[in-house]
Amino acid sequence: MWFTGSGLINEKKWRCFDFSTNSINSYSSQIESDYTVFCEDKENRLWYFSDYWFEFGCIDTQNGEDRRFQNVAGNKNNPVIEFEGVRGCVRDREFNIWILTINGIYVFNPDRQYLKACMGQWKQGKQAVPYESVLNLFETARGEIWMNTYFGGTRVFDQSLNALRDYWHVKSSSDTPNDTKNENFNAVWSVVEDRQGNIWACGQHGTLQQFTPDGKQIRKWRPEEFDLKTIRVAKRGHDGVIWFGTQHGRLFRFHPDTGRIIQINTPGDERGVS
């Protein structure tokens, strides 16, 4: 498992957790970015995408060769990835890599040398929500695809990418920690599914939302344990425990059955977890 964080930017280091040895290894990087996302292709090459003027490349995990690429000019018949920030990447069952950026969604297949830009927008009330603000994509056990945006809410698709429903929170005039109408619920950084099929959407300033398997919202709130820190990543472990990592270096264990949220690392560690 590869990861990076704001505390590693000056060191130009990445970390890799080896599950077989239960150890963390360091790798040198020439990328000057505090936010890098990783995705492995079918040839076991590790692709990395940075938010620093779109630096990207791939590492051959067998021989350690690191190939870096630069952005180039394109045209209508030959699209190119043009943006200054990346927010995530996911690999589908056909080994396409979906790159989520602040300027659009791109579908990339390394072996087929295929690149496609996916643009568009939809309406939430009077506001047009652009696809370019997408933070992450998540496929549930029911086969639904949740597309989560930065202050644009969430849109849910079926397997044919037909829109099923939207989740949108009307902006409130107040901004109190317990304000459940606050627009911060529209910025969903990560989504995870528990063993019972419930969906947990994690967002800006420590917001948390719970949905049933069929998409009915049960609850939305700001747990005080997060201290209004943005939840950047959520992952479920083999034991069913959900792990939350926040922007300001906090790591939490969450037990969906009991609702307990337990902080693991100590306050004051300002290295972001991403």
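These questions and answers go through a predicted model of one protein.

Me: What is the mean pLDDT of the protein, and where does pLDDT stay under 50?
Reply: Of the residues, 68% reach 70 or more, and the mean pLDDT is 77. Where pLDDT is low, the predicted coordinates should not be read in detail. That caution applies to the stretch where pLDDT stays under 50, for which the model has three contacts beyond four places in sequence: residues 72–76.

Me: How many helices and strands does the protein have?
Reply: The protein has 274 residues, of which 46% count as buried. Among contacts between residues at least 6 apart in sequence, 35% join residues at least 24 apart. The count is zero helices and 25 strands.

Me: Is T140 buried or exposed?
Reply: T140 is found in the loop between β14 (134–139) and β15 (145–149). Leaving out residues up to four places away in sequence, T140 touches W146, E193 and I199. The relative accessibility of T140 is 8%, and buried means under 20%. T140 is therefore buried.

Me: Which kind of aromatic pair do Y167 and F211 form?
Reply: The structure holds eleven aromatic pairs. In the pair of Y167 and F211, the centres are 4.6 Å apart and the angle between the planes is 55°. Planes under 30 degrees apart count as stacked and over 60 as edge-to-face, so the pair of Y167 and F211 is tilted.

Me: Where in the chain do Y167 and F211 lie, and how many residues apart are Y167 and F211?
Reply: Y167 is buried, with a relative accessible area of 13%, and F211 is buried at 1%. Y167 lies in strand β17 (residues 163–167) and F211 in strand β20 (residues 208–211). The pair links distant parts of the chain, 44 residues apart.

Me: Which parts of the chain does the pair of F226 and F252 tie together?
Reply: F226 is buried, with a relative accessible area of 0%, and F252 is buried at 1%. Ring pairs link both into a cluster with W200, W221, F244 and F254. The pair ties together parts 26 residues apart in sequence: the loop between β21 (217–221) and β22 (231–236), and strand β24 (residues 251–255).

Me: Over which ring does the charged end of R232 sit?
Reply: K220 lies over the face of F185, at 5.7 Å from the ring centre. The charged end of R232 is 4.3 Å from the centre of its ring, that of W189.

Me: Is D41 buried or exposed?
Reply: The structure holds five salt bridges. One of these joins D41 and R45, with the closest N and O atoms 2.6 Å apart. R45 is partly exposed, with a relative accessible area of 22%. D41 has a relative accessible area of 3%, so D41 is buried.

Me: How many residues apart are R93 and E139?
Reply: The side chains of R93 and E139 meet in a salt bridge at 3.3 Å, N to O. R93 counts as exposed at 62% relative accessibility, and E139 as partly exposed at 37%. R93 lies in the loop between β8 (86–91) and β9 (97–101) and E139 in strand β14; the separation is 46 residues.

Conventions. Residues numbered from 1 in each chain as written. Predicted model: local features only at pLDDT ≥ 70, side-chain atom pairs only at ≥ 80, totals over all residues. Heavy atoms only, no water. pLDDT = per-residue confidence, 0-100. Contact = heavy atoms within 4.5 Å. Helix = DSSP H or I, 4+ residues; strand = E, 2+ residues; numbered from the N terminus. Buried < 20%, exposed > 50% of the residue type's maximum accessible area, 1.4 Å probe, protein only. Phe/Tyr/Trp six-rings, centres within 6.5 Å; stacked < 30°, edge-to-face > 60°. Lys NZ or Arg CZ within 6 Å of the ring centre and 35° of its normal. Salt bridge = Lys/Arg side-chain N within 4 Å of Asp/Glu carboxyl O.
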